[in-house]
Amino acid sequence: MALLAGKIDLSKVQIRPIQSGLNKYNIDIKENHGLNSKTGFWWLRFTFDYRLEEKIEVRLTNYKKISTERTFLTMEIVKCDYLKIKCKDEMESFDVEEELANLSELCRVNESVGSPEKLRKYLEDNILPLVMKKIKYTKFNPQFSFFLSHKSKDKPLMETFRDGLKFVGYQTWLDKDDMPIAASLQGALKVAIEKCDCFIVWLNEEYFESNYCQAELLYARKLGKIILPFGVYSKIKDLLKGDFEFLVDLHLYDPSTSSFFEVLRRIDEALFNFEMLTI
């Protein structure tokens, strides 16, 4: 066998596509139709590079129309060899149905449309991390599970959180879909909180008026669960006293001022880092 002409040093092999400092993932906007318009459908299609794969294709759109007044904001992974997505029938998607998160995200996208740099920054900070987490979790299934605590009127928002977490790969518990048949409400809540690792709670005045909601939150604290609170601080700050004063020391996320995708990414990053320390 002939000897190789020279030694191979794999540590020096370039495995990432060529990138620039201003466009780390080679984000390329392929199609932008209808953004900033007040009526009709819109979609934003782009590609990016991640590790060995070039031109992973993603689309943001509102085409999933529920009624004449209401639409989804949908993120679709159109093409990704890592996820074995090569055609339309294999697409992975995540719907942002809740009105607050939906409209807030649409505003953020629209604010970025006029500047290619701002638009790439929005996509890099909000959309790409979720796709990359989903790719990572095809090899490593996260073990954290979530209990979603809320008042009934806030269920659409918590369903959006649930769908986002499930899209990434986490297990969730939401009373609407996960309540055992014929189980007592109090017993089912107790078991679900005991089994969860992280307790996500949407705080508002109605939440603190509910005996069930109060009981869920205090039991999660008693068990030492990780508690991630969400809500508008200005509306509940006077309620954070007595048994609930401990919430003052927790970082309160407000989806009306923070990108929903950013919040979802931060939840995942915080728990992923904690989980790696416990393996």
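Biologist: Which residues have the most contacts inside the largest nonpolar core?

Modeller: In this predicted model, they are Phe48, Leu123, Ile127, Ile200, Phe230, Phe261 and Ile267, within a core of 53 residues.

Biologist: And which helix gives the most to this core?

Modeller: Helix H2, residues 116-136, contributes nine residues, the most to this core.

Biologist: What is Ile267 in contact with, leaving aside its neighbours within four places in sequence?

Modeller: Its partners are Phe146, Phe161, Leu165, Ile200, Leu228 and Phe230. Two of these partners, Ile200 and Phe230, are also listed among the residues with the most contacts inside the core.

Biologist: Which residues belong to the other core?

Modeller: That core lies apart from the largest one and has 21 residues, including Cys196, Ala220, Phe246 and Leu247.

Biologist: Turning to the strands, why is E4 largely enclosed by the rest of the structure?

Modeller: Strand E4 spans residues 73-79, and six of its seven residues are buried, so the rest of the structure largely encloses it.

Biologist: How many bridges join E3 to E4?

Modeller: Five, and E3 (residues 53-61) runs antiparallel to E4. Within this pairing, Lys79 of E4 stands opposite Glu57.

Biologist: What about E4 and E5, and how do they run?

Modeller: E4 and E5 (residues 92-96) are likewise antiparallel, with five bridges between them. Asp95 in E5 is the bridge partner of Thr74.

Biologist: How many helices and strands are there in the protein?

Modeller: The protein has nine helices and nine strands. Of its 279 residues, 46% are buried.

Technical notes. Residues numbered from 1 in each chain as written. Predicted model: local features only at pLDDT ≥ 70, side-chain atom pairs only at ≥ 80, totals over all residues. Heavy atoms only, no water. Helix = DSSP H or I, 4+ residues; strand = E, 2+ residues; numbered from the N terminus. Buried < 20%, exposed > 50% of the residue type's maximum accessible area, 1.4 Å probe, protein only. Core = buried A, V, L, I, M, F, W, Y, C linked by side-chain atoms within 4.5 Å. Contact = heavy atoms within 4.5 Å. Pairing = 2+ DSSP bridges.
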